[in-house]
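Open the model in your viewer and keep the sequence panel beside it. Each stop below tells you what to select and what is there.

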Amino acid sequence: MQKVPVSLWTLLAGLVISAISIWIGQNHSLLPLQASQQAPLVDGFFNIMFTIAIALFLVVEGTILIFLVKFRRRKGDDTDGVAIEGNTALEIFWTAVPTVIVVALGIYSVDVYNRMGGFEPAGHVHSPVAHVSGSAMAATLNDESSSTTAPTIGIGGTPKSHGKPADLVVDVKGIQYAWLFNYPETGISAGELHIPVGADVQLNLSAGDVIHSFWVPNFRLKQDALPGIPTELRFVATKPGTYPVVCAELCGGYHGSMRTEVIVHTPEDYQAWVTENQLAQKQDLHEAVAVNPANLSTSEFLAPHVHEMGITAATLVQLQK
Ligand SMILES: [Cu+2]
């Protein structure tokens, strides 16, 4: 039987490994459901990296297995192995290949970041810029405050939407250990993020105490919320549903419980939610027909009785302690 040349075996192995890697790279189910316009861009990049990783794994582990068998010690062979000092051609090859891969991934990732809006944060006008006095940070913040535009950090409008105002702006504040959502246009406050599907949404992020990170895995978006430095996230949700919001920056003892949800509504559902909440939150306590005392703080509960009982507001504050 004629011997098959090594180059042919190598070619065949290369083809099989490429086919397996590309198939796994496209057909794995490691990532959650895509629910934003940015998600397919991020996943495309992830899948390329995953394909390369699988190919490298198969090449390295496969070579180890083949060599284990082919170059095993035969019975009665007590000679030393061949002394090999180096191989310039091989070294150039295994330096060049990773260099090309890393540079190509670098260029691709910059392109993805640009298409996501990473280079176009609008630099939203921020009400009083927080000053961290007595630190080096104060100097840089003071320099910035000469203009009303805050530093631009985060994901902004995609090249298509850049320069246009977002359809919906929500102020998001991270505190130990919760996310607070304020809708400046409607005056609504909420503990979850409600948005309409298909709307161009801009989140203005801030933090009340330490660094938090606003992460929506289904949107493939993550942005730090920093004390004193505004950041933003701009995106379009593409599928109605309820998705988790996770704090992705270790922020203290209960960091693990700093979770909430983003609810992507159909436009009609969203409008209903806005109407319902504007009514509920506008209502003053004395206009309410029925009040559940369990929902009131001590001072709210006692407020109507303070006058009759002859105690002052100051006493009341003391009572709460
Ligand atoms: Cu946090």
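**Stop 1: the metal site.** Select the copper ion. Its donors are His 212 (ND1), Cys 247 (SG), Cys 251 (SG) and Met 258 (SD), at 2.1 to 2.4 Å. A donor here is an N, O or S atom within 2.8 Å of the metal (3.2 Å for Na, K and Ca), and water is not among the atoms, so sites may look incomplete. This is a predicted model: local features need pLDDT of at least 70, side-chain atom pairs count only at pLDDT 80 or more, and totals for chains, interfaces and linings use all residues. Residues are numbered from 1 along each chain as its sequence is written, and side-chain values use heavy atoms, with hydrogens and water left out.

The four donor atoms subtend 91 to 123 degrees, so the arrangement is tetrahedral. For four donors, that label requires all angles to lie between 85 and 135 degrees. Ideal angles for four tetrahedral donors are 109.5 degrees. In the sequence panel, the donors follow the spacing H-x34-C-x3-C-x6-M.

Cys 247 is buried because its relative accessibility is 3%. Cys 251 is buried too, at 5%. Buried means under 20% relative accessible area, exposed over 50%, and partly exposed in between (1.4 Å probe, protein chains only). Do not look for disulfides: the structure holds zero. The criterion is a pair of cysteine sulfur atoms within 2.5 Å.

**Stop 2: the strands.** Select strand 10, residues 241–247. Strands are DSSP runs of E with at least two residues, helices are runs of H or I with at least four, and both are numbered from the N terminus. Strand 7 (residues 212–216) runs antiparallel to strand 10, joined by two bridges. Two strands pair if DSSP finds at least two bridges between them. Find Phe 214: opposite stands Cys 247 in strand 10.

**Stop 3: a loop residue with positive phi.** Select Arg 220, in the loop between strand 7 and strand 8 (221–225). Its phi is near 60 degrees, a positive value in a residue other than glycine. Arg 220 counts as buried because its relative accessibility is 12%.

Stop 4: Which residues does Leu 31 touch? Leaving out residues up to four places away in sequence, Leu 31 touches Asp 43, Phe 46, Asn 47 and Arg 220. Contact means heavy atoms within 4.5 Å. Leu 31 lies in the loop between helix 1 (6–27) and helix 2 (39–70). Leu 31 is partly exposed, with a relative accessible area of 30%. Draw a C-alpha to C-alpha distance from Leu 31 to Asn 218: 8.4 Å in space, 187 residues apart in sequence.

**Stop 5: a cis bond.** Select Gln 176 and Tyr 177. The peptide bond from Gln 176 to Tyr 177 is cis, with omega near 0 degrees. Tyr 177 lies in the loop between strand 2 (168–175) and strand 3 (178–183).

**Last stop: the overview.** Zoom out. The protein has seven helices and 11 strands. Of its 321 residues, 29% are buried.

Technical notes:
Four donors count as tetrahedral if all angles lie between 85 and 135 degrees; four count as square planar and six as octahedral if opposite donors are over 155 degrees apart and all others between 65 and 115; anything else is irregular.
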